[in-house]
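Here is a friendly note to keep beside you on a first visit to this structure. Please have the viewer open and follow the points in order.

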Amino acid sequence: MCFYISQSSVRNKLIDTNSPNIAGNIGLQKWANKENLKIVSAEYNKMFTHNLHNFSELEDRIALLHMQQKEVNTSVVSLESQIRHLREMLKYAEQYQKNKIYDDHYKSSKDPDRYFRKYESQIILFAGAEHILQENGMDLKHLNSNKLQKQISDLISRKKALNTQYVSFKQEIKELELIHQNLSKYLKQDAPEIQRSSHNKLPSL
């Protein structure tokens, strides 16, 4: 029977030496072990580029990345909440500033009832905005829409930076977990090239 595995397949996936096609054939077993050792050597080199030197360090790094990714995600969620809040405050600040003149004229009008009937919508919008801003602790005397917009822009920039960091963590986790998957599978195989110590050391290259 002809047994064939493409070169690209060998580079990306370990050969199952316990499969029926290989287990009963000494020649194929030797070939499969050799190919698997090539894959593990390549994975080890990849791991070394991350400054990781053994299996325990690899697992610790993956665990740390997951924790950092979770922390970044929590920070992003917090920033999104702050951005939504500031955008709402900006909306009411603009509404307050736009309609304040109508409230001022209403309070100084000689005929407030008549003035109110004429500009009822603007006066009500002002009062509503004033109430919400006060409830949220905004300083009405120093209300500055441009400052609020600057704060929103800064938070958006921070969010973008965190999202970039999150993607970076995700990509590294994906790469390291693939290495972990291949090495874990290889360590479980009956591979004499591996010296299984309590520290799960990888083969010398």
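1. What percentage of the 205 residues in the protein chain do buried residues make up? Buried residues account for 31% of them, where buried means under 20% relative accessible area, exposed over 50% and partly exposed in between, using a 1.4 Å probe and protein chains only.

2. A word on what you are looking at. This is a predicted model, in which local features need pLDDT of at least 70, side-chain atom pairs count only at pLDDT 80 or more, and totals for chains, interfaces and linings use all residues. Residues are numbered from 1 along each chain as its sequence is written, and side-chain values use heavy atoms, with hydrogens and water left out.

3. Helices (H or I, at least four residues) and strands (E, at least two) are DSSP runs numbered from the N terminus. Among contacts between residues at least 6 apart in sequence, 67% join residues at least 24 apart; contact here means heavy atoms within 4.5 Å.

4. For the surface, the protein chain exposes about 13,700 Å², and carbon and sulfur atoms supply 50% of that area. Accessible areas come from the Shrake-Rupley method with a 1.4 Å probe, and for residues only the protein chains shown count as cover.

5. Now look inside. The largest nonpolar core has 36 residues, and those with the most contacts inside it are Met-47, Leu-58, Tyr-96, Leu-133, Leu-176 and Leu-183. Such a core is a set of buried Ala, Val, Leu, Ile, Met, Phe, Trp, Tyr and Cys residues joined through side-chain atoms within 4.5 Å. The elements giving two or more residues to this core are H3 (26-49), H4 (55-108), H6 (120-135) and H7 (145-188). H4 provides the largest share, 14 residues.

6. H4 deserves a slow walk from end to end. Asn-54 caps its N-terminal end, with a side-chain oxygen 3.1 Å from the backbone nitrogen of Ser-56. At 1.5 Å a residue, the 54 residues of H4 should span 80 Å, and its end C-alpha atoms, 78 Å apart, agree with that; the expected span is 1.5 Å times one less than the number of residues. H4 also bends by about 45° at Asn-99, the bend being the angle between axes fitted to the seven residues ending there and the seven starting there.

7. Which residues does Tyr-96 touch, not counting residues up to four places away in sequence? They are Phe-126, Ala-129, Glu-130, Leu-133, Leu-140 and Leu-143. Tyr-92 is also in H4 and, at 14% relative accessibility, counts as buried. The C-alpha atoms of Tyr-92 and Glu-130 are separated by 7.8 Å, although the two are 38 residues apart along the chain.

8. Two further residues of H4 are worth a click. Gln-95 is buried, with a relative accessible area of 19%, and its side chain reaches the backbone oxygen of Leu-125 at 2.8 Å. Asp-103, in H4, is buried with a relative accessible area of 7%. Leaving aside neighbours within four places in sequence, Asp-103 is in contact with Ile-123 and Phe-126.

9. Finally, turn to H3. Its buried residues include Leu-28, Ile-39, Tyr-44 and Met-47. H3 is followed by Asn-51, whose phi is positive, near 60°.

Note on methods
A polar contact is a pair of N or O atoms within 3.5 Å; within protein, one must be able to donate a hydrogen and the other to accept it, and residues adjacent in sequence count only if both atoms are side-chain atoms.
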